[in-house]
Amino acid sequence: LARGWVIDARLPAAYEGRAPDEGRPGHIPGAVSVPYHRVCGGDFGRSSSPAEIRQALRQATLNPARVPDDVVVYCATGAAAAAVREALSRVGIAHARIYEDGIGGWSRDRTRPVVTGAY
């Protein structure tokens, strides 16, 4: 999927596999959780400050000062991924792309693993 960052933009319960979502419960192996609400001021209509966005990345073990060439964001429907991609662009990470198939498309292929738990 990516050789750099893979970011899951869904809420923590969906990322961890504790809440129903599209496909099998859990997240793509290697993905880190950066929930949209942490970088969008709590909802899709607001923006967090660049400092808050960088802090959310650091809390997800991503170094905003060392961004890889490949950054992929996904969710279930595309809306949360788009919100996180927009937040990333606000801190200079304009090359992030959305994995359009989302977790549903990923997990429909039974040969692809899905991981549950916090990390």
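**Conventions for the close-up views.** Contact means heavy atoms within 4.5 Å of each other, and helices (H or I, at least four residues) and strands (E, at least two) are DSSP runs, numbered from the N terminus. The model is predicted, so local features need pLDDT of at least 70 and side-chain atom pairs pLDDT 80 or more, whereas totals for chains, interfaces and linings use all residues. Residues are numbered from 1 along each chain as its sequence is written, and side-chain values use heavy atoms, without hydrogens or water.

View 1. Four strands make up an open sheet in the order E2-E1-E3-E4, with parallel pairing (two strands pair if DSSP finds at least two bridges between them). Strand E2 (32–33) and strand E4 are the edge strands, each of them pairing on one side only. Between E1 and E2, which run parallel, there are 2 bridges, and here Asp 8 has Ser 33 of E2 as its bridge partner.

**View 2. Strand E3 between its neighbours.** Strand E1 (residues 5–8) pairs with E3 in the parallel sense over 4 bridges, and in this pairing Trp 5 stands opposite Val 71 of E3. E3 is also joined to strand E4 (residues 97–98) by 2 bridges, with the two strands running parallel, and the bridge partner of Val 73 in E4 is Ile 98.

**View 3. Helix H3 and the residue Thr 61 that comes after it.** Within helix H3 (residues 50–59), the residues Ile 53, Ala 56 and Leu 57 are buried. Helix H2 (36–39) and helix H4 are included in what covers the buried residues of H3. Thr 61 follows H3 and belongs to the loop between H3 and E3. The phi of Thr 61 is positive, near 65°, in a residue other than glycine. Thr 61 is also exposed, with a relative accessible area of 66%.

**View 4. The surroundings of Val 115.** Val 115 is placed in the segment after helix H5 (102–108), and with a relative accessible area of 28% this residue is partly exposed. If residues up to four places away in sequence are not counted, Val 115 touches Tyr 15, Gly 26, His 27 and Pro 29. The view also takes in Ala 9, which is 106 residues away from Val 115 along the chain, while the C-alpha atoms of these two residues are separated by 15 Å.

Conventions
Buried means under 20% relative accessible area, exposed over 50%, partly exposed in between (1.4 Å probe, protein chains only).
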